[in-house]
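I have a new structure open today, and I am keeping notes as I look things up.

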Amino acid sequence: VQLVESGGGLVQAGGSLELSCTTLGSIFSINAQAWYRQAPGKQREMVAQVTSGGSTDYLDSVKGRFTISRDYDKKTVYLQLKSLKPEDTAVYYCNVKGYNLNRAVFEEWGQGTQVTVSS
C-alpha cells in the first residue's frame, strides 16, 4: 500500500489550494483518511479527518476554512484549503488507516507536500 499526494505550493494569504491523496495497491477497506501538518519546530497535528461513515473532524483553527472530502471508489481523499493564513504554512501529510487483503490493520503516511502561505 502506498499513498501518493499532490497539490500544495506557494500562495498568498487569503488564497486557496487543494491537496489530494490517492491510496495505491489492493486493500480490503479504508477506515479513516486524514490530513496532518507539521510546521518547522512544531509537532505534527491532525488538521482534518473523515471516517468510512462520512464523519468529519477538524482542528479548531481551520474550521470553516478547510474542507475534507473523499472519493471512496477512487480511494482518494481531498483537502480544500481556503482563506489561507501564513500560520497554515507547513508540510501536509496524508494518513490512511484500514484493512489490507489479509484483513490486517494498516496505517500509511504520504510523502508530504509543502504548503507555503506568504503574507
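Here are my entries, grouped by topic.

**Entry: before starting**

I remind myself that this is a predicted model. I count residues from 1 along the chain, as the sequence is written.

**Entry: salt bridges**

I began with charged side chains. Side chains of opposite charge can pair when their charged atoms come close. How many salt bridges does the count come to? I got 5 salt bridges.

I looked at Arg37 and found its side chain in a salt bridge with that of Glu45, at 2.9 Å from N to O. Is Arg37 buried or exposed? Arg37 counts as buried because its relative accessibility is 6%, under the 20% cut-off. Glu45 has 31% relative accessibility, so I put it down as partly exposed.

Next I turned to Arg65, which forms a salt bridge with Asp88, and the closest N and O atoms are 2.7 Å apart. Where do the two residues of this pair lie? Arg65 is in the loop between strand 6 (56-58) and strand 7 (66-71), while Asp88 is in the loop between strand 8 (76-81) and strand 9. They are 23 residues apart, and the pair links distant parts of the chain. I noted that Arg65 and Asp88 are both buried. I also noted that salt bridges with shared partners join Arg37, Glu45, Arg65 and Asp88 into one network.

One more pair went into the notebook: Asp60 and Lys63 form a salt bridge, with the closest N and O atoms 3.0 Å apart. Asp60 counts as exposed because its relative accessibility is 60%, over the 50% cut-off.

**Entry: rings and charges**

I then searched the whole structure for aromatic pairs and came away with 1. Arg44 lies over the face of Tyr93, 3.8 Å from the ring centre. Which residue lies over the face of Phe28? I found Arg103 there, 3.6 Å from the ring centre.

**Entry: a nonpolar patch**

Phe28 came up again when I checked the surface. Together with Tyr99, Leu101 and Val105, Phe28 forms a nonpolar patch with about 400 Å² of accessible area in total. I placed Leu101 in the loop between strand 9 (90-100) and strand 10 (105-109).

**Entry: Phe106**

I moved on to Phe106, which I found in strand 10. Phe106 has 8% relative accessibility, so I marked it as buried. What is Phe106 in contact with, beyond its neighbours within four places in sequence? My list reads Val1, Ile27, Ser29, Val96, Lys97, Gly98, Tyr99 and Asn100. I also checked Phe106 against Gly54: the two are 52 residues apart along the chain, and their C-alpha atoms are separated by 19 Å.

**Entry: Leu17 and Gln80**

Leu17 sits in strand 3 (residues 17-24). I recorded Leu17 as buried because its relative accessibility is 17%. Leaving out residues up to four places away in sequence, I found Leu17 touching Gly8, Gly9, Val11, Leu79, Gln80, Leu81, Leu84 and Val115. From Leu17 to Val91 I noted 74 residues in sequence and 13 Å in space, C-alpha to C-alpha.

Gln80 has its place in strand 8. With 32% relative accessibility, Gln80 counts as partly exposed. Which residues does Gln80 touch, not counting those up to four places away in sequence? They are Leu17, Glu18, Arg65, Phe66 and Thr67. Gln80 and Glu18 are 62 residues apart in sequence, yet 4.5 Å apart in space from C-alpha to C-alpha.

**Entry: positive phi**

My last look was at the backbone. Most residues other than glycine have a negative phi, and most peptide bonds are trans. I found Lys75 in the loop between strand 7 and strand 8, and I noted it as partly exposed because its relative accessible area is 23%.

Ser83 is also no glycine, and its phi is positive at about 50°. Where is Ser83 found? I found Ser83 in the loop between strand 8 and strand 9. Its relative accessibility is 41%, so Ser83 counts as partly exposed.

Notes
Predicted model: local features only at pLDDT ≥ 70, side-chain atom pairs only at ≥ 80, totals over all residues. Heavy atoms only, no water. Patch = residues over 30% accessible without salt bridge, like charges linked within 9 Å, V, L, I, M, F, W, Y side chains within 5 Å. Areas by Shrake-Rupley, 256 points an atom, 1.4 Å probe, with all protein chains shown as cover. Salt bridge = Lys/Arg side-chain N within 4 Å of Asp/Glu carboxyl O. Helix = DSSP H or I, 4+ residues; strand = E, 2+ residues; numbered from the N terminus. Buried < 20%, exposed > 50% of the residue type's maximum accessible area, 1.4 Å probe, protein only. Contact = heavy atoms within 4.5 Å. Phe/Tyr/Trp six-rings, centres within 6.5 Å; stacked < 30°, edge-to-face > 60°. Lys NZ or Arg CZ within 6 Å of the ring centre and 35° of its normal.
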